[in-house]
Amino acid sequence: MMAAVSADNRGLRLATRYAVLLLVAIIFVFPLLFMAMSSLKPDQQLLSDTDSLRAFLPVGDISFNNYFAAFERAPIGVFVFNSVLVTGITVVLTILVCSLAGFAFVFLDWTGRGVVFSILLATLIIPYETIFIPLLLMASQLPWIGTEGIEIGWLNTYRVQIIPFIADGLSIFLFVQFFKDLPRELIEASRVEGASWWFIYRRVVMPLSGPVIATAAILKFLFMYNQYLWPLMVVQAEEIRPVMVGLGYFTDQLNVPWGEVMAYLTIITIPVLAFYLSLQRVFIASVASTGVKG
Amino acid sequence: MASKLTRSNRAGWLMASPGIALIAAFIILPFFLAFTFSLTNQRLASPNPTKYVGFENYRDLLGLAYFTLEPERDDAGAVVRSADGDIKYPRLRNFTRNNPDYPNLQGKREWFSWQSGENRKVVLASDVVFMKALVNTITFVVVVAPVQAGLALILALLINQKLRGISLFRAVYFMPVVVSIVVVSLLWRFIYSPGDGLLNNLLSALTFGAFTPQDWLGNPSTALGSIIAMSIWQGVGFHMVIWLSGLQTISPTLYEAAQIEGSSKWQTFRYVTWPGLRNTAILILIVITMQAFALFAQIEVMTQGGPLDSTQVLVFQAFERGYGKQDISGGSTISVILFIIVLSVSLLQRWLTREKK
């Protein structure tokens with residue numbers, strides 16, 4: 001008798017727990033579900049469906065017409081290509097440059113190392129948002145060696161979207177934290193055998209650094225793909241616009257075509273979500289590891 | 001021996017230099033340029049040479065004055081009233097425009113005022129929009145930091161249970177974090193639509209029609225609150241994960257001990273969990289505060305600072321001036337002010353949460 005009651009109780013408590021978890025999950029999912037479902041509906045139905053649960057269901061006049069219309073309104077392929085290119089190149093260069101710097105800070109002993117590292121740590125307190133305005137002026141006046149000799153100005157280029165974001169204090173710091181925990185004997189042994197620093201970096205240390213590479217890459221990927229303020233200021237030309245700035249094609253209309261907007265949002269969000277869901281443990285571990293500092 | 005093996009000036013500088021050079025050029029240099037530009041009249045492109053102007057930009061933004069308006073009186077000295085019985089005051093303009101008796105009010109505009117007896121007390125600002133942006137940004141941070149940190153902790157405790165399928169829930173709670181804030185803002189702009197919007201309909205359904213539909217983003221009294229709620233929705237998963245990693249560093253033996261002692265759930269949280277989360281709490285507070293001060297995309301996408309400047313914030317103002325009006329010096333000045341606030345707040349937080357000896 002007693003056992004039965006407590007078992008019932010446990011069942012009830014378990015059910016409550018799941019109910020709470022589910023309720024919270026609905027709060028986090030409903031806007032995204034709404035986005036995906038609305039992208040399949042004509043504007044009129046999209047708007048009238050908001051008064052019932054139909055808003056979250058693929059019912060009524062379902063089609064991919066919004067997607068076709070969206071592709072006609074804006075060069076979406078170009079935007080996606082630009083975002084992927086800019087994000088991809090930056091991530092690769094970040095890994096290379098920041099891991100090299102981290103390597104030098106941890107394994108090598110050079111004059112000025114301590115001071116430089118302290119300055120690096122101090123830059124962590126500078127939010128990008130507070131340097132974008134002077135950076136905008138710099139970008140308008142920086143020189144570049146192009147195909148026709150020296151040209152002035154970085155505005156409306158890929159490089160202005162990439163180069164300023166290759167190196168940052170946090171990425172270097174992540175590598176430093178990780179390298180510190182590697183066994184030093186490994187490096188010293190290779191040194192005794194006469195291996196060059198470049199060889200040790202490439203053949204000994206980097207192959208062991210999968211986790212931190214994943215972390216730095218994911219954090220940089222999220223930052224770059226989702227950037228908004230900077231490209232808004234430095235990119236006007238359509239050919240090099242990233243996806244977030246491309247949104248203006250839809251929202252700057254007098255009557256916002258909501259169905260197309262939802263289609264566009266779905267196009268630029270679903271790949272990221274799929275990428276995230278397939279690697280969610282690594283994603284979550286990456287964000288959690290930013291909490292290690294301090 | 002070891003030190004000789006690792007001693008290498010050339011290799012060290014060579015390997016570190018790409019990173020150092022890039023950070024010096026694209027973070028440290030613009031950081032100092034912001035300070036420099038804030039003391040000049042630098043513009044993005046201008047035919048005139050740039051001039052040093054001292055602290056003029058700061059005065060133009062931060063200038064405040066306090067003024068008492070006395071009622072108009074007739075010849076007998078009685079207060080003049082309008083037909084409705086309202087007290088008549090002289091126009092503020094008479095004092096702020098080329099009035100040699102009040103040089104400190106020159107060019108300022110009314111920010112807010114209140115009634116004090118017969119008199120009206122007025123606070124004037126050189127730049128009312130900037131002042132509103134400053135107050136809104138601080139409001140945003142003061143609300144978001146504790147609420148988001150608290151909700152994130154609740155979620156982390158919820159997700160830290162040992163239940164089947166819990167990692168699925170964790171993945172879902174974290175989902176908005178990987179979605180661009182631009183996408184999220186646009187979605188919520190739709191959800192917040194006035195009249196027949198999704199949120200209005202939802203609230204009407206939940207209250208069986210008792211709820212009056214709101215124009216969430218169009219009403220100055222609800223606009224900032226709506227943006228706050230949405231920002232928390234988007235960001236809370238990020239800090240949940242940091243709390244979670246903090247929770248997982250607490251030794252299970254402490255919980256076992258608490259269980260043996262027969263402590264209640266609250267006691268366990270109060271005396272085992274919370275002390276173990278001290279460092280995590282400090283970190284989360286600092287991270288949220290820094291992120292919250294940088295608020296921009298939500299404003300740009302959802303309200304453009306309106307209605308009636310009720311959602312103006314500092315980064316948006318810096319953007320509007322530095323980029324929109326090509327006023328690099330004005331935008332830089334706002335950036336410097338923002339940086340000084342962020343720095344002071346994080347130093348203050350560190351000092352308040354320091355280890356007490």
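Predicted model: local features only at pLDDT ≥ 70, side-chain atom pairs only at ≥ 80, totals over all residues.
View 1. Of the 357 residues in chain B, 39% count as buried. The chain carries 15 helices and three strands, and because its radius of gyration, 27 Å, is well over the 21 Å that the globule rule gives for 357 residues, chain B is more spread out than a compact globule. Taken along the principal axes, its C-alpha atoms fill a box of roughly 85 × 70 × 45 Å. Among contacts in chain B between residues at least 6 apart in sequence, 62% join residues at least 24 apart.

**View 2. The largest nonpolar core, with residues from chains A and B.** This core has 173 residues, and those with the most contacts inside it are A:Ala101, A:Phe103, A:Phe175, A:Leu265, B:Met15, B:Leu187 and B:Met240. Its largest share, 14 residues, comes from helix H5 (residues 128–159) of chain B. Since domain 1 (65–125) and domain 2 (129–352) of chain B both give residues to the core, it lies between them. The centres of these two domains of chain B, taken over C-alpha atoms, are separated by 41 Å.

**View 3. Surroundings of A:Phe103.** When its neighbours within four places in sequence are left aside, A:Phe103 is in contact with A:Phe179, A:Tyr201 and A:Val205, and also with B:Met15 of chain B. Both A:Phe103 and B:Met15 are among the residues with the most contacts inside the largest nonpolar core.

**View 4. Helix H8 of chain B and the residue B:Phe208 that follows.** Within this helix (residues 198–206), B:Leu198, B:Leu199, B:Asn200 and B:Asn201 are buried. H8(B) is followed by B:Phe208, for which phi is positive, near 55°.

Methods
Residues numbered from 1 in each chain as written. Chains lettered and ligands numbered in written order. Core = buried A, V, L, I, M, F, W, Y, C linked by C-beta atoms within 7 Å. Buried ≥ 20, exposed ≤ 12 C-beta atoms within 10 Å, placed from the backbone. Helix = DSSP H or I, 4+ residues; strand = E, 2+ residues; numbered from the N terminus. Domains from an automatic or database assignment. Contact = placed C-beta atoms within 7 Å. Rg over C-alpha atoms; globule rule 2.2 N^0.38 Å.
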